[in-house]
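I set out to record which side-chain contacts, strand pairings and surface features can be read from this model. The entries below follow the order in which I looked them up.

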Amino acid sequence: MSKRIDVEHLKVYYGDFLAVDDITMQIEPRAVTAFIGPSGCGKSTFLRTLNRMHEVIPGAYVEGKVNLDGENLYAKGVDPVRVRSQVGMVFQRPNPFPTMSIRDNVLAGVKLNSRRIARSDADELVESSLRSANLWNEVKDRLDKPGSGLSGGQQQRLCIARSIAVRPDVILMDEPCSALDPISTLAVEDLINELKAEYTVVIVTHNMQQAARVSDKTAFFNIAGTGKPGRLIEYAPTQEIFNKPQEKATEDYVSGRFG
Amino acid sequence: MSHSSSTVPEFSTPTGDQPGQGDENSDHRREGHVAIGDAKGGPAQDRVFAGVTLVAGAIILVVLAAVAFFLTWQASPIFGAASSEVTGGKGFLSYIWPLVVGTLIASVIALLLATPVGIGVALYISHYAPPRFAKGVGYVIDLLAAIPSVIFGAWGASVLAPKIVPFYDWLSGILGFLPIFEGPPTATGKTILTAGIVLAIMILPIITAMCREIFAQTPVLQQEAALGLGATRWEMVRMTVFPFARAGIISSVMLALGRAMGETMAVTLVLSGGPFNPSLIQSGNQTVASEIALNFPEAYGLRLNELIAAGLVLFVITLVVNLLARLVISRYKEFSGANS
Ligand SMILES: Nc1ncnc2c1ncn2[C@@H]1O[C@H](COP(=O)(O)OP(=O)(O)O)[C@@H](O)[C@H]1O
Ligand SMILES: [Mg+2]
């Protein structure tokens, strides 16, 4: 279950402030798409419009369309709660639920909306999700311990397991490795590579090597200055972005001449 | 072109910090300033501060011990006295138990009414109401806390009590088979249930104010984790806000319980007290605090010791309640929000 995302003329606001201007792009299913660009250019803001998390901030709203396999997420009558269970999100800092055990963390999303799940199905789902997140072998003996007792990298993989347990169509990741050590980062990157077999994966990263390592396509965002809106500058296969970018700004950025 | 905007935020952001996003900077802020050692002024200032807090803590303990000592010392004659000398003529125990039971009944009624309402109002303010409106509601609730208890008492006795009699009639008609609602209700309405209702209104601001603060401090990251999984706002509250605030809710309720058990003026005015009566809507029952207040001015000799002994009992009960609260809170430590 992997879906294509079609963004049409999307503008993203925080109150009066236009944070991201007029984005139009297509994000492929069964692929990893990376967003890169200098800090503050609106990568996170844009990413959060893809599962309607943006609007949980007071005063925040969008104009334009985000189509998931042709269905506009912002159409009238679409329930943002349903959108978020279709489009999962992994955050910058690992955020397992501290009051829940590892097992309950994995099942947290599954048990929402008063859905019931048989114990054996739950066990299976916990195992398969944790296996998919490359975490099973590390935690199988302490599923009933709190998730907050794990290392940062393990916590982040637990959050990924929690996301995939809901069987989303898309997984969004906002700098998922920025709070992790290099070894954990490698583990998560491996995982991202495996996830694209089944999901549409979108990852924000400020680490260009990471973008080069994990992504199939890369989108470069930039801002003209503080207070100006972020824009999509260039969007192409990752090899092209890093080897023969069309835009001067992209070339400057990927060659480390600014940002 | 579609335009989507939510007028009501799905959660509040404490201290106006930007949530989630643009976190690179706030991360540094959070982590960079924890090291106590490199605060300005160095270790000397730390030592002074540590000394001050130690003294402050010690003073509290000394005061507590002094109160306990005074109460025990002044109360002690009653424990040696012949039972015929104690009010009621059957010894201290049979004198005190109806008062203790009355205190507990009034407090429990107050808690049962105030806790759900207080938590609900706090949650409404922190997570549901439009921000500007929320401020107004919070302000009004805080004002309740500033009203002197004698006003609550006067209002309870002169307005609430007479008005509530028809409700008691109705209650005894429907639930009269239960001993606690056995009729006929008093014609004055001055019952322990009325006192409990007045107490509930008085402790409401304590619960609301504390819960509101704690609810608003729930980490945005956790709330977003829940929403990101497809939780509704209510599910998000159950998954993150309540677990995070559990210890705080218990503390606020215990604080409120302490206030309700010790409250004197309102109960004295509202309740026309008497001996123990299982029916909450008939006259009778009395609380420890009210009993002391009513009789203290005229008391002398052994009667004075007796009232102070009653005070000692109240003191011990409040301590026990607080200890129990600590126990409950520490049981949840491993799974608390503190180690997130
Ligand atoms: N909650 C918010 N309220 C108002 N402005 C915000 C908020 N979050 C981010 N912004 C602004 O939106 C712009 C884009 O931020 P962000 O999406 O976090 O950038 P990036 O993730 O690329 O570093 C910045 O100018 C930032 O200050
Ligand atoms: Mg960001």
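**Salt bridges.** I looked up A:Glu55 in this predicted model and found a salt bridge with A:Arg52, whose closest N and O atoms are 3.0 Å apart. I then checked the exposure of the two residues: A:Glu55 and A:Arg52 are both buried.

I next examined A:Arg231, whose side chain meets that of A:Asp21 in a salt bridge at 3.1 Å, N to O. A:Arg231 belongs to strand S10 (residues 230–237) of chain A and A:Asp21 to strand S2 of chain A, so this pair ties together parts 210 residues apart in sequence. I noted that A:Asp21 is buried because its relative accessibility is 11%, under the 20% cut-off. A:Arg231 has a relative accessible area of 39% and is therefore partly exposed.

I also looked up A:Glu127 and A:Arg131, whose side chains form a salt bridge at 2.7 Å, N to O. Both lie in helix H4 (residues 119–132) of chain A, and because they are four residues apart, about one helical turn separates them. I recorded A:Glu127 as partly exposed at 27% relative accessible area, and A:Arg131 as partly exposed at 43%.

A network of salt bridges links A:Arg103, A:Arg119 and A:Asp123. My search of the whole structure gave 18 salt bridges over all chains.

**Strand pairing in chain A.** I followed strand S1 (residues 5–14) of chain A and found that it pairs with strand S2 (residues 17–27) of chain A in the antiparallel sense, over seven bridges. Two residues stand between the strands of this hairpin, and A:Gly15 takes a positive phi near 60 degrees there. S1(A) is also joined to strand S4 (residues 60–68) of chain A, by eight bridges and again antiparallel. I used A:Asp6 as a reference point: its bridge partner in S2(A) is A:Gln26, and in S4(A) it stands opposite A:Asn67.

Residues 192–215 of chain B are 100% helix and 0% strand, with end C-alpha atoms 33 Å apart. For residues 307–329 of chain B I found 100% helix, 0% strand and an end-to-end C-alpha distance of 33 Å.

I then located a nonpolar surface patch formed by B:Ile147, B:Val150, B:Ile151, B:Met265 and B:Leu269, with about 370 Å² of accessible area together. Helix H5 (149–175) and helix H9 (265–270) of chain B each supply at least two of its residues. B:Leu269, in helix H9 of chain B, counts as partly exposed because its relative accessibility is 31%.

Note on methods:
Residues numbered from 1 in each chain as written. Chains lettered and ligands numbered in written order. Predicted model: local features only at pLDDT ≥ 70, side-chain atom pairs only at ≥ 80, totals over all residues. Heavy atoms only, no water. Patch = residues over 30% accessible without salt bridge, like charges linked within 9 Å, V, L, I, M, F, W, Y side chains within 5 Å. Areas by Shrake-Rupley, 256 points an atom, 1.4 Å probe, with all protein chains shown as cover. Salt bridge = Lys/Arg side-chain N within 4 Å of Asp/Glu carboxyl O. Buried < 20%, exposed > 50% of the residue type's maximum accessible area, 1.4 Å probe, protein only. Pairing = 2+ DSSP bridges.
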